[in-house]
Amino acid sequence: NVNFIIADDMRPTLGYYRDPVVKQDIDHLASKRNVFLNAYAQQAVCAPSRTSLLTSLHAGIYTTLPQCFKSKGYTTMPVGKVFHPAANHSDDYPYSWSVPPYHPPSFKYDNRKVCKGIDGQLHVNLLCSVNVSEPPLGTLPDMESTEAVRLLKSTRDSEKHLFLAVGFHKPHIPFRIPQEVLKLYPLDKMTLASDPDGPKGLPTLNVSFPYEPIPKEFQLQIRQHYYVSVMYLDSQVGMLSNTLDDLGLAKDNDVVFTSDHVTCFLFRANMLHTMANNTFYVV
């Protein structure tokens, strides 16, 4: 069996990539796998990066990664954001998948007014730590991706091989995360980017914030929420990894964990430099 796990806009902020912030579950997964230190995405934007990753091509007529497994007799199942959302929202079903894709119902509220401000009103904010019981449906998209756990349990005794793809939405913005996780990374423990300036010689755009240098206080808040988003994601990946262990499937499952590309704006003071092609790959 194959478990393909993909994050969204995630830097290699992992212990195995020498990041000082410890990620217990993902690092535990990596300790039992092969870690590639020179992994790169084809493009620093979601849609082309995912298309390239899932087809191995730039464009044209192709067979997708899950479609290849399906043609070899595998049952292929998707949970969350695997393909980038397209106009018809089919996720290439039924060509790539044996069953219709599962998308967390609460994701439709991701860019709506669900962030409670200091005024007590709801807003659409970049930084959005929430009491999980308060948003619509009382949950968050990546929490609902525990649907993958149910699928692992329900297919455990199947005679057919399984290709299960799980696409998490974090740490993509907005940083809508459980507020209790913020305590793990106090704001006074955050530091500014070590290399806050953009590449030398890059033309300066005559535009206003957020494309000009970000105020230092807001930089710290962004970095705090990003790291918390990764820790939140870490717990979800750990839940999947633990399920494989609990079901006795770990030895019979190949696990791939990667991201579509990297976001950089919180590691520079200028939001113009937002994306990068270096990523991570754990198999």
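The model is predicted.

Strand E7 spans residues 162-167 and is mostly covered. Of its 6 residues, 6 are buried. In a regular strand, side chains alternate between the two faces of the sheet. In E7, burial holds on both faces. Leu162, Leu164 and Val166 lie on one side. Phe163, Ala165 and Gly167 lie on the other.

E7 pairs with two strands described here. Strand E1 (2-7) runs parallel to E7, with 5 bridges between them. Within E7, Ala165 stands opposite Phe4. Strand E3 (residues 75-80) also runs parallel to E7, and 6 bridges join them. Here Phe163 of E7 is the bridge partner of Thr76.

Pro78 lies in strand E3. Its relative accessible area is 2%, so Pro78 is buried. Beyond the neighbours within four places in sequence, Pro78 is in contact with Trp97, Val99, Pro100, Pro101, Tyr102 and Ala165. Ala165 belongs to E7. Pro101 is 23 residues from Pro78 in sequence. In space, the C-alpha atoms of Pro78 and Pro101 are 5.2 Å apart.

Helix H2 covers residues 46-55. Its buried residues are Cys46, Ser49, Arg50, Ser52, Leu54 and Thr55. These residues pack against E1 and against helix H3 (65-71). After H2 comes Ser56, with a positive phi near 70°.

The whole structure contains 1 disulfide. It is formed by Cys115 and Cys128, with sulfur atoms 2.1 Å apart. The angle about the S-S bond is -110°, and the link is left-handed. Cys115 is buried, at 4% relative accessible area. Cys128 is also buried, at 1% relative accessibility. Cys46 is buried, with a relative accessible area of 8%. Cys68 is partly exposed, at 37%.

Rolling a probe the size of a water molecule over the atoms shows where empty space is left. There are 4 cavities of 30 Å³ or more. The largest cavity has a volume of about 70 Å³. Its lining consists of Asn3, Ile5, Leu29, Leu152, Leu164, Val237, Leu240, Ser241, Leu244 and Val255. E1 and helix H6 (216-246) are the elements that give two or more residues to this lining. H6 gives the most, with 4 residues. By residue type, the lining has 8 nonpolar residues, 2 polar and no charged. One of the lining residues is Leu164, which is also a buried residue of E7.

The second largest cavity has a volume of about 50 Å³. Phe107, Asp110, Leu140, Pro141, Asp142, His169, Lys170, Arg176 and Tyr232 line this cavity. Its lining divides into 4 nonpolar residues, 1 polar and 4 charged.

Several backbone sites stand apart for their geometry. Two cis peptide bonds are found in the following positions. The bond from Lys170 to Pro171 is cis, with omega near 15°. Lys170 also lines the second largest cavity. Pro171 is in the loop between E7 and strand E8 (175-178). The bond from Ile173 to Pro174 is cis as well, with omega near -5°. Pro174 also lies in the loop between E7 and E8.

Asp91 counts as buried, at 7% relative accessibility. Asp92 is partly exposed, with a relative accessible area of 24%. Buried here means under 20% relative accessible area, and exposed means over 50%.

Key: Residues numbered from 1 in each chain as written. Predicted model: local features only at pLDDT ≥ 70, side-chain atom pairs only at ≥ 80, totals over all residues. Heavy atoms only, no water. Buried < 20%, exposed > 50% of the residue type's maximum accessible area, 1.4 Å probe, protein only. Contact = heavy atoms within 4.5 Å. Disulfide = S-S within 2.5 Å. 1 Å grid on protein atoms, 1.4 Å probe; cavity = no way out; pocket = protein on both sides within 12 Å on 5 of 7 lines; lining within 4 Å. Points joined across faces, edges and corners; volume = space filled by probe spheres on them. Nonpolar A, V, L, I, M, F, W, Y, C, P; charged D, E, K, R; others polar. Pairing = 2+ DSSP bridges.
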